[in-house]
Amino acid sequence: MSKTFHFVLFIVMTLGAEWQTGLDYVIKNQPQLTLTSNYPIHTQIEIIFDKQFSEVPEVLLMFEQVTFESMLDVDINLSLGQVTKSGFELRYRLGGPARVQQLKVRWVAFVDKNVQLTYREFNFMQLRELRQGFGVREDTFTHPINANIQSPKVSAFLVGFKINPENGPYALQIHCVLDSEMQNVNLNLKTKDTTHVRYVKVALILVGTGSKAITKQGGIDSRGFNYFEEQSTTGIRRIDYKQVVPDTFLTAPQDNILSQGLRGFEANSTESEIISMSLEKYHVYDENYEMNFGPLNGTLIYSLDFSILLHEPTKIEKMTMSHLRRR
């Protein structure tokens with residue numbers, strides 16, 4: 001009887017999805033990374049998983065916080081080195097000349113046959129509509145969907161960008177939707193005013209039926225809040241964002257994979273000459289997903305777009321976590 005039980009348990013764990021998440025905050029006011037004119041700067045971090053995966057996972061990267069000097073070209077790019085069952089290499093490229101003072105990166109590693117993850121890069125020549133001109137400019141690109149992903153939901157995360165503002169605010173917004181035939185993702189890139197976009201890197205994630213993960217896209221426009229414009233621009237100012245999530249995520253919220261990343265922004269700065277965008281204090285409770293975002297110092301955040309990824313642990317994962325906590 002016991003042999004049969006162990007055999008069934010092994011099959012469920014093998015066929016089930018595996019998820020882990022973590023945070024890297026290595027770029028935080030480090031002189032060797034932020035106070036040099038010798039660009040580009042390359043640095044590499046080795047990430048070790050808390051628990052080894054049964055097979056080599058896919059790894060989703062995203063920005064949770066970006067702080068850089070304003071009025072100069074900003075060039076930031078994240079990429080993956082070798083990925084194994086035990087960990088991966090997280091690579092940073094800072095192109096300058098604007099100094100990146102802080103960069104908080106969230107990663108999510110997973111093995112899930114019902115999820116499609118793709119990194120899509122757009123170079124200088126492809127961004128013809130966004131790299132020149134004034135006012136609102138946009139362009140739309142398509143990306144195919146894996147036929148094995150059934151009834152997918154799509155979201156996008158910003159992974160890299162190179163933009164040049166000319167005496168105006170920074171603006172880069174990304175929106176993605178599925179076409180009516182559910183065969184392609186329509187990825188819309190937009191900028192405005194005197195911002196010129198030279199390069200964009202986006203992580204596209206499609207979650208299909210059968211996965212216990214869900215994605216959502218959200219955003220906040222601070223222009224409806226006079227507090228941002230009329231009150232002091234020093235310190236952190238926050239606007240709360242709430243969104244209802246399915247009941248299944250409320251059974252053990254401390255065990256859920258919960259992550260969020262920047263998808264787009266429109267920002268400016270005042271006397272501080274610093275742009276800082278941060279997503280903070282997120283959790284699931286009382287049928288709501290709650291998030292605060294905080295611009296720092298003299299940053300004026302006109303709009304902030306973000307994507308959310310949640311994953312419900314399987315019953316076996318919940319049982320294992322509870323057992324470990326008791327021990």
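How exposed is Arg 91? Arg 91 turns out to be partly exposed, at a relative accessible area of 34%, where partly exposed covers the range between buried (under 20% relative accessible area) and exposed (over 50%), worked out with a 1.4 Å probe on protein chains only. The model here is a predicted one, so local features need pLDDT of at least 70 and side-chain atom pairs count only at pLDDT 80 or more, while totals for chains, interfaces and linings use all residues. Residues are numbered from 1 along each chain as its sequence is written, and side-chain values use heavy atoms, with hydrogens and water left out.

Arg 91 has a partner in Glu 89: their side chains meet in a salt bridge, N to O, at 3.2 Å. A salt bridge here is a side-chain nitrogen of Lys or Arg within 4 Å of a carboxyl oxygen of Asp or Glu. By that rule, the count is four salt bridges.

Among them is the pair Glu 64 and Arg 106, with 3.0 Å between the closest N and O atoms. Glu 64 sits in strand S3 (residues 58-69) and Arg 106 in strand S6 (residues 100-111), so this contact ties together parts 42 residues apart in sequence. Strands (E, at least two residues) are DSSP runs, numbered from the N terminus. Glu 64 and Arg 106 are both buried.

Asp 75 and Arg 93 make another salt bridge, their closest N and O atoms lying 3.1 Å apart. This one links distant parts of the chain, 18 residues apart, with Asp 75 in strand S4 (residues 74-83) and Arg 93 in strand S5 (residues 87-94). Asp 75 is buried, at a relative accessible area of 9%, whereas Arg 93 is partly exposed, at 29%.

Technical notes
Helix = DSSP H or I, 4+ residues; strand = E, 2+ residues; numbered from the N terminus.
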